[in-house]
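Here are some notes to read alongside the model on your screen. Take the points one at a time, and keep the structure open as you go.

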Amino acid sequence: MDTIIIRELEHGVLLSLRSIIFRMNVKKVDHWVFRNIKLHSGSPFGLRIPEFEKKTQEEPLGFCVNQSEFLRFLETSPQIIDGEIEAFSANNPAQRLFRLECFDASQWEIVTDSADFNEQLFK
């Protein structure tokens, strides 16, 4: 398992999820799972923040969306305070490519145990 820690700021705020995803150039993702998310603002997937946050706490799956729904979500420029998001492979939907975890809006951790994806992340 490999981990990257990001504490980079953009205009005084932790680097956005959108910026991270586009820097990673993630393309071969089947679906994304949100777990235990806390948001600062927005209406993700047409839901109010409390409703969305509650859905991300549902066990055992969290809140699952496909790739196109996730990309639309990024366009809303969500500011995540806490929580984790997992990306699963398009080639093998049971295989987790990586996990992004936000800690107190001050740090992102990117964790992967996929050898194929490690090459892309850890160049």
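1. Let's start with E8, which is partly exposed at a relative accessible area of 35%. On this scale, buried means under 20% relative accessible area, exposed over 50%, and partly exposed in between, using a 1.4 Å probe and protein chains only. The model is predicted, so local features need pLDDT of at least 70 and side-chain atom pairs count only at pLDDT 80 or more, while totals for chains, interfaces and linings use all residues. Residues are numbered from 1 along each chain as its sequence is written, and side-chain values use heavy atoms, leaving out hydrogens and water.

2. Which residue does E8 meet in a salt bridge? The partner is R23, at 2.8 Å from N to O. A salt bridge here is a side-chain nitrogen of Lys or Arg within 4 Å of a carboxyl oxygen of Asp or Glu. This pair links distant parts of the chain, 15 residues apart: E8 sits in the loop between β1 and β2 (9-10), and R23 in helix α1 (residues 17-24). Helices (H or I, at least four residues) and strands (E, at least two) are DSSP runs, numbered from the N terminus. With 53% relative accessibility, R23 counts as exposed.

3. The structure holds five salt bridges. Another of them joins E75 and R18, whose closest N and O atoms are 3.4 Å apart. R18 is partly exposed, at 33%.

4. Now look at E86, which is buried at 6% relative accessibility. The side chain of E86 meets that of R35 in a salt bridge of 2.8 Å, N to O. E86 lies in strand β6 and R35 in strand β4, 51 residues apart. Together with R96, these two are linked in a network of salt bridges.

5. Next, the sheet. Six strands make up an open, antiparallel sheet in the order β1-β8-β7-β6-β4-β5. Two strands pair if DSSP finds at least two bridges between them. β1 (2-6) and β5 stand at the edges with a single partner strand each, so one side of each has no neighbour in the sheet.

6. Finally, where do the buried residues of α2 pack? They pack against β4 (29-39) and β5 (63-66), contact meaning heavy atoms within 4.5 Å. The buried residues of α2 (residues 49-56) are I49, F52, E53 and T56. The face turned away from the buried side of α2 carries the exposed residues P50 and K54.
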